[in-house]
Amino acid sequence: MERVERRAAGDRRPRLHRHGGLAPAGRRPHRGPGRRDVVAGGQHRPGRPCRHRLRHPVRPGAVGRGRRRRPDPAGPHAGAALGRPLRPGAREPAADDPRLRLAPGARRPEPGRGRLRRRRRRPGREPGRRVSGGPGDIGGRARAGGSPGRRSGTARYRRRRVRRRPARRTDVTVIGDAIRVVTGAVGRTVDSGERWLFDGKKATYGLAAMRILIGIAILGSLTVNFTNRHYVWGPGARWLTPWLTVDEYGFPFTAVFAHDDNTTVFTLKYLLLAALAVAFTLGWRTRVVTPVLMIFIASLMRLNPLGDDAGDNIVRIMLLFLCFADTSMRWSLDARRRARPGYRPLIALPPWTGTLFHNVALIAVATQVFMIYMTSGLSKVQGSMWQEGVGLYYPLRIGQYAPWPGLNELVYTNGFFVTVGSYVTVFVQVLFPLLLMRRGTRVLALLAIFAMHIGIAVTMALPWFSLSMIAADMIFVRDDTYRALIRWVNRARRRQHPPDPEPSPADPELAEPRPVPSSPSSSS
């Protein structure tokens with residue numbers, strides 16, 4: 001028996017079909033425990049499946065997700081074919097309405113011309129065949145006349161997934177993303193810099209080699225000029241008075257060497273400077289010796305500005321930076337003294353302070369080297385001689401800078417060597433900081449720089465300048481390379497001087513003679 005309940009015209013509360021009929025309108029559905037639906041005023045018995053579904057409150061005929069409900073039998077009006085009663089005051093659908101679902105055995109009247117367009121069939125869907133959603137699914141049965149199957153109420157009003165279009169990127173969004181990228185990159189760079197500064201002392205072997213070579217350069221310059229010391233810097237250099245009117249040096253550089261020193265005092269100070277250079281080269285008390293050596297060198301060089309060259313300027317600048325670096329950590333007497341058991345420093349400081357000053361001084365040395373090479377290379381580029389590839393020809397023709405004229409002539413008469421050497425010198429000096437970023441280019445750049453300075457020392461008679469620059473370049477060689485070089489030298493030394501084999505106890509000649517016990521008669 002059909003159970004149909006009429007509702008008032010103003011009552012728009014949702015209906016609830018329960019077990020094939022309509023639930024009273026006064027009972028509101030709500031969700032209960034678990035996954036079953038509960039109707040206010042009457043709960044289902046435990047274990048009994050829940051078959052009622054909530055109809056759509058706006059779209060008539062819509063039902064919830066899941067299995068289709070069993071539709072009501074068709075009524076006397078045309079809307080009964082849709083499986084639902086007609087609301088009071090609603091307009092009855094026409095018999096040829098395409099939205100009307102027909103009852104079993106009924107035929108849809110033929111529509112008029114141009115009145116009804118044929119529904120476009122979706123690809124992969126056959127007309128007249130649908131998967132049945134239940135025994136009462138009218139839409140799942142074959143249609144009369146072979147008309148295309150329509151979607152059921154469940155599939156028709158099923159919640160669709162809405163494709164959201166990506167939000168349009170405005171100028172403010174782009175600027176914000178760019179700021180976040182830049183700040184993130186800056187933050188990562190700062191973190192890497194902090195780890196590099198405090199993660200241990202860098203280039204310890206390179207700074208040790210730099211200390212040794214700078215000390216050798218200072219000793220070589222003092223030794224070569226020892227016989228002419230009075231005419232270059234001492235009391236015999238009064239001819240330099242017109243050029244000494246401007247003296248920008250102050251204390252403590254004026255307290256060591258002075259213009260009014262006699263020959264004996266000047267010689268003693270000169271020998272003391274040489275002794276400081278020896279102590280600096282051997283790495284003895286470098287924390288104290290390095291600043292004192294810098295003051296002595298600067299005080300001596302101020303006496304004759306015309307006698308200085310670029311090598312003297314580099315030595316003074318590098319000594320200032322080395323005052324803050326630990327140059328005696330390798331290959332020094334201080335390193336042997338620190339390795340002794342029970343060593344205690346004079347002033348105990350936190351480890352991070354020494355590491356920070358050491359690495360900052362290393363950065364200062366590298367920056368000074370970059371500035372020297374880039375300034376020299378850019379000044380060469382501006383000249384037409386270096387642009388045409390003949391920059392090496394003219395310095396090699398200067399007679400004052402030719403210790404071996406025959407060797408210089410052999411070099412500048414070779415056009416290929418002059419052209420290649422000129423261009424390579426310019427490119428290496430200008431691009432030196434960039435060439436150090438990768439290992440392959442770093443090796444080539446260092447080899448080219450070393451070859452250039454060796455050529456300057458041999459063909460232009462500037463050995464101390466070249467040695468000072470090579471000493472500054474030693475910091476760019478990695479510590480692993482120095483360790484590999486030390487291992488190679490040790491292996492070569494062991495091959496040349498193999499250790500003496502230890503005597504075997506089975507050898508009778510090398511066995512120690514046993515003492516002969518004395519007899520009682522001999523003792524008497």
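Modeller: Residues are numbered from 1 along each chain as its sequence is written, and side-chain values use heavy atoms, with hydrogens and water left out.

Colleague: Why is α15 called roughly antiparallel to α16?

Modeller: Helices are DSSP runs of H or I with at least four residues, numbered from the N terminus. The axes of α15 (residues 439–459) and α16 (residues 463–473) cross at roughly 165° and come within 8 Å. Angles over 145 degrees count as roughly antiparallel, under 35 as roughly parallel, 65 to 115 as roughly perpendicular and the rest as oblique, so α15 is roughly antiparallel to α16.

Colleague: What makes the contact of α15 with α16, by class, nonpolar, polar or charged?

Modeller: Contact means heavy atoms within 4.5 Å. Among the residues that meet are Leu 446, Ile 449 and Phe 450 of α15, and Phe 465, Met 469 and Asp 473 of α16. Ala, Val, Leu, Ile, Met, Phe, Trp, Tyr, Cys and Pro count as nonpolar, Asp, Glu, Lys and Arg as charged, and the others, Gly among them, as polar. By that list, the contact has ten nonpolar, two polar and one charged residues.

Colleague: And what makes α3 roughly perpendicular to α17?

Modeller: Helix α3 (residues 204–224) packs against helix α17 (residues 479–496) at an angle of about 70°, with the axes 7 Å apart. That angle makes α3 roughly perpendicular to α17. Thr 204, Tyr 205, Gly 206 and Ala 209 in α3 meet Asp 479, Tyr 482, Arg 483 and Ile 486 in α17. This contact has four nonpolar, two polar and two charged residues.

Colleague: Which residues of α7 and α16 make their contact?

Modeller: In α7 (residues 310–322), they are Ala 310, Gly 311, Ile 314, Val 315 and Met 318, and in α16 they are Phe 465, Ser 468, Met 469 and Ala 472. Seven are nonpolar, two are polar and none is charged.

Colleague: How do you know where to be careful, and what is the pLDDT over residues 16–49?

Modeller: pLDDT is the predictor's confidence in each residue, from 0 to 100. The chain averages 74, and 61% of the residues score at least 70. Over residues 16–49, however, pLDDT stays under 50, and over residues 128–149 it is below 50. Where pLDDT is low, the predicted coordinates should not be read in detail.

Notes: Predicted model: local features only at pLDDT ≥ 70, side-chain atom pairs only at ≥ 80, totals over all residues. Axes fitted to C-alpha atoms, helices over the stretch in contact; angles between N-to-C directions. Helix = DSSP H or I, 4+ residues; strand = E, 2+ residues; numbered from the N terminus.
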